[in-house]
Amino acid sequence: MDGLKEDQSEIEHINNINGDTKSITEKEDSEKEMAPPVGNSIHRSSSRPQLDLSGAAIQGNFEERDPTILLPNQSDDISHLALDIGGSLIKLVYFSRHEDRAVNDKRKLSTKERFGVTNGNRRSFPILGGRLHFVKFETSKINECLEFIHSKQLHRGDDDNAVIKATGGGAYKFADLFKEKLGVVIDKEDEMNCLVAGANFLLKAIRHEAFTHKEGHKEFVQIDHNDLYPYLLVNIGSGVSLIKVDGDGKFQRVSGTNVGGGTYWGLGRLLTKCKSFDELLELSQKGDNSSVDMLVGDIYGGLDYSKIGLSASTIASSFGKAISENKEIEDYRPEDISLSLLRMISYNIGQISYLTALQLGIKRIFFGGFFIRGHAYTMDTISFAIQFWSKGDAQAMFLRHEGFLGALGAFMSYEKHGLDDLMVHHLVERFPMGAPYTGGKIHGPPLGDLNEKISWMEKFIRKGIKITAPVPMASPRTTGLGGFEAPSSKGDTLRCDESNLNVGVLHLVPSLEVFPLLADPKTYEPNTIDLAEPNELEYWFTVLSEHIPDLVEKAVASEGGTDDARRRGNAFARAFSAHLARLMEEPAAYGKLGLANLLELREECLREFNFFDAYSTIKQRENEASLAVLPDLLLELDSMSEEARLLTLIEGVLAANIFDWGSRACVDLYHKGTIIEIYRMSRKKMQRPWRVDDFDAFKERMGFGDKKPCFRHKRALLFVDNSGADVVLGMLPLARELLRCGTEVVLVANSLPALNDVTAMELPEIVAEAAKHCDILRGAAEAGGLIMDAMINTQDNPSEKLSSTPLMVVENGCGSPCIDLRQVSSELAAVAKDADLVILEGMGRALHTNYNARFKCDALKLAMVKNQRLAEKLIKGNIYDCVCRYEPAT
Amino acid sequence: MDGDRIQDLTFVNSSVDEISHLALDIGGSLIKMVYFSTNREKPIDKTQNNSSKDNLLSGRLYFLKFETSKINECLDFISSKLLHYRGVQQYGFPASDQNTIKATGGGAFKFADLFKEKLGISLDKVEEMGSLVSGANFLLKSVSSEAFTYVNSQRNYVQIDHNDLYPYLLVNIGSGVSMIKVDGDGKFERVSGTSVGGGTFWGLGKLLTKCKSFDDLLVMSHQGNNRVIDMLVGDIYGGMDYLKIGLSSTAIASSFGKAVSENKELEEYKPEDMARSLLRMISNNIGQIAYLNALRFGLKKIFFGGFFIRGHAYTMDTISVAVDFWSKGEAKAMFLRHEGFLGALGAFTNYQRVEEFPCTASLTGDDNQNPLVEDLNDNGTIECCVRSIN
């Protein structure tokens, strides 16, 4: 249906998202107003200050490295703001970039120089790092919105003639208000353009954006970016627009219906006296539509009319029972009326959408708009309609950011927002973990600082499943959504509030890349364990919950055990427990949930309460203890034959992997012996064959088989795990052996602390210390630029320096015990290009994630399983079993 | 509710008529009745020219309706006619027919026991969709000036080419709406439907306006102004048309959408305005879904029937405009004069002797001088013959 151009005046058509509620004059004589058509009235303003890309060297991958919490009134560095002003809600999307603390550590500089990842190169990144925030305000409280914008100085650019992109009916209505209060000009963007641009952005940029919803169960859908178009976008605002989308900026409104959200709310308000849309939705939860609707069973006396596929409970006529003579409106329950209305409208929209998609031959139908609000029953009804009418051939899909389509689209309309070339792997979604908000759909006054956040957490009490304190917005630094609002009661399987799906802050990290050695990035799934299985979910929640007290102890101790640290620790425990409880209830609350995400949420939560390295003391102590015994170990190794040494080294890696503070079993173990005792005992118990034992294949590949001359890898990437014995007594000796063979070694470590994992920041120091006792390591570290005063130390033997194979350290881009190889640092991606061996070590990186990952090069996965359940599930073995999985290049 | 009965009821009450072949369509809201009555004024043997063996009874089909909630009125009526009905026996109807009535609609199941108990009559259940289709086919093929389009408040009767009738989409708007693709006699499929139908109009209308009858609600809607309560495109775009997508400022963006934003309570809205808004919402929605289904199956003809329409000008106008708009003028909504009685007629044609009768020859109605055409609210009688066996 192209070109709905004939002016068939008296038909409805839908449009608009949130209709402006401005009352109009009775004279709708549009002819008199010679205003140009909406679509053409928008002029592209070039006066909007643009982001200055020059000098935009992005130093770190995560700005979280900066430990200070920004104050609410502190303006962001550079920002872009776009609005969608609807009849009931104002949606605000803004982009901010905070000043990075220059992390010019020498390791980085040298690594960059070596691999050409210079600032000059960085500048060529097409997009700028920063954060995309999503915030909502009630339109009736537009002043709060204005204050928010003012306080964050979002309307200020380089000059004073600021222009803000906006869409929605209110963009017209409130233009003067914005001019008056903020001195900014509202630049109105076409509504459809915005919707489509917003949806295209979300579907392309966010991995787990679209989901299906059947019988209360959400399932995220992997969108193939090459097979996205055409799709049908159904935007349910006051009315409904059906838009066929063929590509970026290529779309057509093909249909619509005037029976939409406004109809539900309008009729519902008249019939039930509800005061708000949400109240009306809430009512429907408790309704029984059979008292109002005429069902097939009512007509057929309880019999199904199976001949035409109608069951007795099928609605034959919406409100058909309300014709009864002796009942007045007061005799019907408002709950029943609300449910009947909801079903009528949702079902009707589903039907028209399906028929339209069918007519156009479109397979994918996405629903968005304020009517849905993450409301389970609405989504179920629409899904059912699509399923029913298509006989299962088509399914309805919904979007997590559905409320923000218009605002995002308006944002995209800035000429130089720099997001056009954005790829999925550049985006990291972070959820505010500081406050377990459950209802936060409307933005309230933000918590000013950490102290307020902690105070709130102290007041926060969970009674059963109800949260009895208002839920604030967490620090504006990381939060997009939130608000002081009494959360609605929960517990029903089909919940009413939209908070069951959270919208986090999108962190744009242009330096993130897909790990180039993945055999098939498209099918790569980092998580080994599927948390969709309820048992599995429950198990891990229990594990994490039980670990909280120990973690809090460590965290508090790391901050000197002060009262302040104690308060923060307790607040962290409350917040994280609440998040766990929430995830138990709605596993999709933060998008598709994997164990990697879950473990990362914990680290995020710690960081939000200013625990930046809970294990710093422990890590340091263990590093020192391990380094002390390293020389003896190296002597022992050097006395062996090459072949025996390789086995001992692998045994050593597996044995040393027992030092893991993330494992409950191991934590208990530590209290019983010294590091070297445990290490030796552990290694002694290493009896081959291990549970998964590809050592012989690996040994052969390493040149100890029949194949001569022996093969040497050019470069090996060693993904290291824990601090202390694990890295010092396990991985470093292995690295040393590879270096000895002439293989370049890159130690890949976390960018941010996670448990006792060693970080890329800490490694150079450890290597330097180890190098004091080992020429091989010293020469390699010098060659790799890890030891900066190398010239002085090596003057006595310059020839060795020249011939040394380099040992390098790069950060992986993560702050989690696991690693998602779809998003790694550009440094890692750069060094990976010449690598032909990947060694993943430890449970988090080799088992929980990536156990099934295939690589283009040789890969060795080494870990000791320190969890009985995982051992049973993954390798049909027992706790302390070992995995040595070798897979040649595919 | 006598007011709902159609006017020619008086014919029926005349004691000279013999009634037979009574058929019922018992729906969720209304009971529709069709029966045959001999016309004593015409010689019985007048039409017997092509049959030597069988007797043809000449007479008229009569159409009545009752509210389902007042089924007793219907029972009383049948009861009062039972004596006459039995009189038919003289024409040789088998005794087995005396105590059964052809019936369709959900109520044929639901009220079967009631009929047995009160009248001693068994309901011979005729499948509902089949009845609708038989009724529509009967009307379209046998009754001239049955189908018409409604454009600019003008009825234009459509000459149906019997050889080019199929396939067509039959949209029956009762309490709910059924959409049936008809490919021939007895060849049909229910392809779609919607629960937003006549029952919705009446039910929601009653809740909103406290109106006492469906017809009153229709009348009220005629006097209303939906702009008071519907959100128009112009309301959103400040009076400007949203031309880019082909929407004029007077197009309805959201039915009842204005009711959300004003601090007006239900009592402050005029019932007429709400009735109007409701009628437009439902009519347009039906028109849209019907068009989408016609398009899906490549059907050019869409006939609308069912009791929701009631020859109501504004309803027909809205549906017509909707179909016209969505099809960009390529499809036309057509309506049937006997729109409310499709099911009952179908049940009636289910009587064997009626079925056997060649439809085209069975009617004696004068094409040019049909006196019923002019009365828009009258579903009219149809002259026809049935075969009787000696």
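## Strand pairing and sheet of chain B

In this predicted model, B:I173 stands opposite B:V177 in β9(B). The two strands concerned, β8 (residues 168-173) and β9 (residues 177-184) of chain B, pair in the antiparallel sense over 6 bridges. Two strands pair if DSSP finds at least two bridges between them. Helices (H or I, at least four residues) and strands (E, at least two) are DSSP runs, numbered from the N terminus.

An open sheet of 7 strands in chain B has the order β7-β6-β14-β13-β8-β9-β10, with mixed pairing. Its edges are β7 (154-157) and β10 (187-194) of chain B; each has a single partner strand, so one side of each is left without a neighbour in the sheet. On average, neighbouring strands of this sheet are turned by 30° against each other, direction ignored. Axes are lines fitted to C-alpha atoms, for helices over the stretch in contact, and angles run from 0 to 180 degrees between N-to-C directions.

## Hairpin at one edge

Strand β6 (residues 147-151) of chain B pairs with β7(B) in the antiparallel sense over 4 bridges. In this pairing B:Y150 stands opposite B:R155 in β7(B). The two strands, β6(B) and β7(B), form a hairpin with 2 residues between them, and B:N152 in the turn has a positive phi of about 50°.

## Helix packing in chain A

Helices α15 (residues 534-558) and α16 (residues 563-585) of chain A pack at an angle of about 175°, with their axes 9 Å apart. That makes α15(A) roughly antiparallel to α16(A). Angles under 35 degrees count as roughly parallel, over 145 as roughly antiparallel, 65 to 115 as roughly perpendicular and the rest as oblique. By class, the contact of α15(A) with α16(A) has 14 nonpolar, 3 polar and 3 charged residues. Ala, Val, Leu, Ile, Met, Phe, Trp, Tyr, Cys and Pro count as nonpolar, Asp, Glu, Lys and Arg as charged, and the others, Gly among them, as polar.

Helix α8 (residues 261-272) of chain A packs with α11 (residues 334-360) of chain A at about 160°, their axes 10 Å apart. This makes α8(A) roughly antiparallel to α11(A). Residues that meet include A:Y264, A:L267 and A:L271 in α8(A), and A:I337, A:L341 and A:I345 in α11(A). The contact of α8(A) with α11(A) has 8 nonpolar, 4 polar and no charged residues by class.

## Aromatic pairs

Over all chains, the structure holds 34 aromatic pairs. One of them, B:Y35 and B:F77, is tilted, at 6.2 Å centre to centre with 40° between the planes. The pair links distant parts of the chain, 42 residues apart: B:Y35 is in strand β2 (residues 30-38) and B:F77 in helix α2 (residues 71-87) of chain B. Rings of Phe, Tyr and Trp (its six-membered ring) pair if their centres lie within 6.5 Å; planes under 30 degrees apart count as stacked, over 60 as edge-to-face and the rest as tilted.

## Backbone exceptions

A cis peptide bond joins A:Y229 and A:P230, with omega about -10°. A:P230 is found in the loop between β7 (217-220) and β8 (231-236) of chain A. In chain B, the peptide bond from B:Y166 to B:P167 is cis, with omega near -10°, and B:P167 has its place in the loop between β7 and β8 of chain B.

A:K876 is not a glycine, yet has a positive phi of about 50°. A:K876 is found in the loop between α30 (868-875) and β27 (882-887) of chain A.

## Basis of the values

Residues are numbered from 1 along each chain as its sequence is written, and chains are lettered from A and ligands numbered from 1 in the order in which they are written. In this predicted model local features need pLDDT of at least 70, side-chain atom pairs count only at pLDDT 80 or more, and totals for chains, interfaces and linings use all residues, while side-chain values use heavy atoms, with hydrogens and water left out.

Key. Contact means heavy atoms within 4.5 Å.
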